[in-house]
2 protein chains.
Amino acid sequence: MTERSLPSPVAVGTDVVTMAHGAGGKASRALVQSVFVDAFANPALAPLGDGAIVATPAGHLAFSTDSFVVSPLFFPGGCLGDLAVNGTVNDLAACGATPVAISAGFIIEEGFALADLRRLAEAMSAAALAAGVPVVTGDTKVVQRGKGDGCYVNTSGIGLVSGQGAGLSPAAAKPGDRVLVSGPIGDHGTAVMLARGDLGLSADVLSDTAPLAGLVHDLLAAAGDGVHCLRDPTRGGLATVLNEIASASGVGVVVEGDRVPVREPVRGVCELLGLDPLYVACEGRMVAFVAPERSRAALEAMRAHAQGAGSVDIGEVVAGPAGLVLEATGFGGPRVVDMLVGDPLPRIC
Amino acid sequence: MTERSLPSPVAVGTDVVTMAHGAGGKASRALVQSVFVDAFANPALAPLGDGAIVATPAGHLAFSTDSFVVSPLFFPGGCLGDLAVNGTVNDLAACGATPVAISAGFIIEEGFALADLRRLAEAMSAAALAAGVPVVTGDTKVVQRGKGDGCYVNTSGIGLVSGQGAGLSPAAAKPGDRVLVSGPIGDHGTAVMLARGDLGLSADVLSDTAPLAGLVHDLLAAAGDGVHCLRDPTRGGLATVLNEIASASGVGVVVEGDRVPVREPVRGVCELLGLDPLYVACEGRMVAFVAPERSRAALEAMRAHAQGAGSVDIGEVVAGPAGLVLEATGFGGPRVVDMLVGDPLPRIC
């Protein structure tokens, strides 16, 4: 996507920030383009990857940042703490980088229970250990009651870009590439939604939050420069990632709807609520665009990894129309999988 | 300071987080020690410098993170935006590193004016340009009304540690070292306090927010490994920095009270409010501990830089008592300059 593809005033369409601006869809993209990309214009930021690649005299580094404002703080399968570590580990992995260090910045609301803060710190520590990356620096700020929501955490991360990861880019998908996803989608968003308890629903769904640097390492070792781009489908889900890559690469994507893996309870909850699992966030899944001649090796490497046992080839990249994502369904013609403007699930990460 | 110097339950002394925990004084230190340092135990985190030094196959990197929650967002001399960039640039500079990239993570409250967000982004961009470091990656989250306070920003930064900065450490101050400060203290905290408008006071005080990487570069070029430690006195002010270095290095510090530079309006406002300028935050000052034989060259280099024209030698490091900071006053004996538990000025950065 070129920097100017969304004209500023029209795209933002309001004079205040709304919840839709934080949801990862079209409104988020418009805000980022119209306020931040213009203000901070520089070549490392422009590609809007999961992280930036910074060329230094000491080599190529990946650098990524994410603030986590998930509500509730604790949910089946995880909490703000491990989510924050895994989220940044996965953004670095999506850049083809090996994570080397993570930072942790806390904004805590006055009155937050120290016992909960300890639980969060312990979950972060365990996640960092599992990902093999230390939390090396941090910061703590406290805001008055009513100026926060318990605890927000920013994690930033540094990774080393290896030779094999150096060619990855959101703009590198090519017609013929296979689209691989590393497991069932929508678990995280569904688990968080259910944990809010205001839907009167219960189902056996755990967040999929997990670190994916090991999976990406194995994938790159198996398929090398046949891997063209990687992205983890968080806010806005798989549909948003496919649209972003299709736009950035100037290609189309055709997904075989019945091959997209969705767990039964996730499908059931989404049906009840009128949600499409394609738009529901994952926090432990990777989408890979891989040259067709390497896609078999790639899929085998992903399936051999504990975090990728459920990996599936869900479709392919086509020459055009550029930026269009289509879902081939079992009945009738394909449907357009557009990017949402907002998101029915705010604050899931 | 060793990791276990503050036993956890006693030091925190409450079961919830309080404003004092965010103020940069003893309570902050106790919280960090008892919750985070224990959970994240690793050698890069343990020194609790302004940033961490990360050894990578590609060389030594400095890595720092800070969340900024200043209130109000705009104040005489600056705003949240330039404060956030300068704060992280200065933390990297205090590590002896040349900043190479900055990240920006926004947590925005629903309803925040886009015009204000643009002003913040433009101020960040201008500050980044002035510091010569690009904002390369970012993130935007939106929280509901009443769950934030307009806008919070996290900046993290990567720097390259040069040969001359490699020996700097909060634990490296030595008896005989001169203590140099790069200009008048307390301007930032005073400007923010006045900007809140609830004190019924007005005075001509601007925040000193400024990037100090250039100053530190010149200082290290002039005094080399004679510079033992650097720290920028933000939350908790000069007194807190002196206490932290005295503790970490196991030395004492004696400050000549009448040499500490304080602008007249800052002194006046502090007197009216019963505050001691030694505890009021700066955002554009550096404190340097320099071997006596290099201190003259160091001071000259600092004074020759635009950000250090007001640099002064304010005292010296003594063998002990370890951890004790004394202020020699013109009348009577010296007084102990202790670390505060909390801070009379919350949310000044």
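Me: Which residue of chain A forms a salt bridge with Lys141(B), and how far apart are the closest N and O atoms?

Reply: A salt bridge is a side-chain nitrogen of Lys or Arg within 4 Å of a carboxyl oxygen of Asp or Glu. Here Lys141(B) pairs with Asp66(A), the closest N and O atoms being 3.3 Å apart. Across the interface of chain A and chain B the rule finds six salt bridges. This is a predicted model, in which local features need pLDDT of at least 70 and side-chain atom pairs count only at pLDDT 80 or more, while totals for chains, interfaces and linings use all residues. Residues are numbered from 1 along each chain as its sequence is written, chains are lettered from A in the order in which they are written, and side-chain values use heavy atoms, with hydrogens and water left out.

Me: How many residues of each chain are in contact?

Reply: Contact means heavy atoms within 4.5 Å. By that rule, 77 residues of chain A meet 77 residues of chain B.

Me: Which residues of helix H8 (residues 264–273) of chain A are buried, and which exposed residues does the face turned away carry?

Reply: Buried means under 20% relative accessible area, exposed over 50%, partly exposed in between (1.4 Å probe, protein chains only). Helices are DSSP runs (H or I, at least four residues), numbered from the N terminus. In H8(A), Val266(A), Val269(A) and Cys270(A) are buried. Seen down the axis of H8(A), these fall within an arc of 100° (taken from the directions from the helix axis to the C-beta atoms), so they line one face of the helix. The face turned away from the buried side carries the exposed Glu264(A), Glu271(A) and Leu272(A).

Me: What covers the buried residues of H8(A)?

Reply: The cover includes helix H5 (187–195) of chain A.

Conventions
Helix = DSSP H or I, 4+ residues; strand = E, 2+ residues; numbered from the N terminus.
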